[in-house]
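Please open the structure in your viewer and keep the selection panel at hand. The tour below goes from stop to stop, saying what to select and what you will find there.

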Amino acid sequence: MSDKLSERPVTDLTKAMAINDRLQYVNELFGKDADAMNETLKLLNKLESFDQARSLLLSVAEQYRWADEETVDVAKTFIKLIRRRYH
């Protein structure tokens with residue numbers, strides 16, 4: 001059942017996260033800048049497809065160094081959530 005819930009489409013990214021996930025993403029992916037994450041989520045909510053979101057995600061990932069060893073797994077989880085927005 002948990003797997004099915006984790007694959008359900010998301011209509012609003014700002015409401016799709018549990019508080020613990022939100023805190024983890026802010027702390028590990030956005031340099032503890034909640035405003036930066038919230039702004040990114042707002043922008044992603046406005047886009048129509050994952051292809052459109054890709055350039056924004058690449059920019060944010062580069063800015064906050066998501067490819068670093070200590071953040072890459074959390075980044076993958078975050079991107080999986082983002083993908084659900086466009087299904």
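The model is predicted, so local features need pLDDT of at least 70 and side-chain atom pairs count only at pLDDT 80 or more, while totals for chains, interfaces and linings use all residues. Residues are numbered from 1 along each chain as its sequence is written, and side-chain values use heavy atoms, with hydrogens and water left out.

**First stop: α3 and α5**

Select α3 (34–46) and α5 (72–85); helices here are DSSP runs (H or I, at least four residues; strands would be E, at least two), numbered from the N terminus. These two helices, α3 and α5, pack at an angle of about 30°, with their axes 10 Å apart, where axes are lines fitted to C-alpha atoms, for helices over the stretch in contact, and angles run from 0 to 180 degrees between N-to-C directions. Because of that angle, α3 and α5 are roughly parallel to each other. Now show the side chains of Leu41, Leu44 and Asn45 in α3 and of Phe78, Ile82 and Arg85 in α5, which make the contact; contact means heavy atoms within 4.5 Å.

**Second stop: α2 and α5**

If you select Gln24, Tyr25, Glu28 and Leu29 in α2, you can see them meet Val74, Ala75, Thr77, Phe78 and Leu81 in α5.

Next, colour Tyr25, Leu29, Phe30, Leu44, Trp66, Phe78 and Ile82, which are the residues with the most contacts inside the largest nonpolar core, a set of 24 residues. A nonpolar core is a set of buried Ala, Val, Leu, Ile, Met, Phe, Trp, Tyr and Cys residues joined through side-chain atoms within 4.5 Å, and buried means under 20% relative accessible area, exposed over 50%, partly exposed in between (1.4 Å probe, protein chains only). In soluble globular proteins, nonpolar side chains tend to be buried together.

Which residues is Phe78 in contact with, leaving aside its neighbours within four places in sequence? Centre the view on Phe78, and you will find Met17, Tyr25, Leu29, Phe30, Leu41, Leu57 and Trp66 in contact with it.

Select Lys32, which is in the loop between α2 and α3 and whose phi is near 65°, a positive value in a residue other than glycine. Lys32 counts as exposed, at 65% relative accessibility. Then move to the loop between α4 and α5, where Arg65 lies; the phi of Arg65 is near 60°, again a positive value in a residue other than glycine. Most residues other than glycine have a negative phi, and most peptide bonds are trans.

**Last stop: Asn38**

Finally, select Asn38 in helix α3, which counts as partly exposed at 26% relative accessibility.

Technical notes: Angles under 35 degrees count as roughly parallel, over 145 as roughly antiparallel, 65 to 115 as roughly perpendicular and the rest as oblique.
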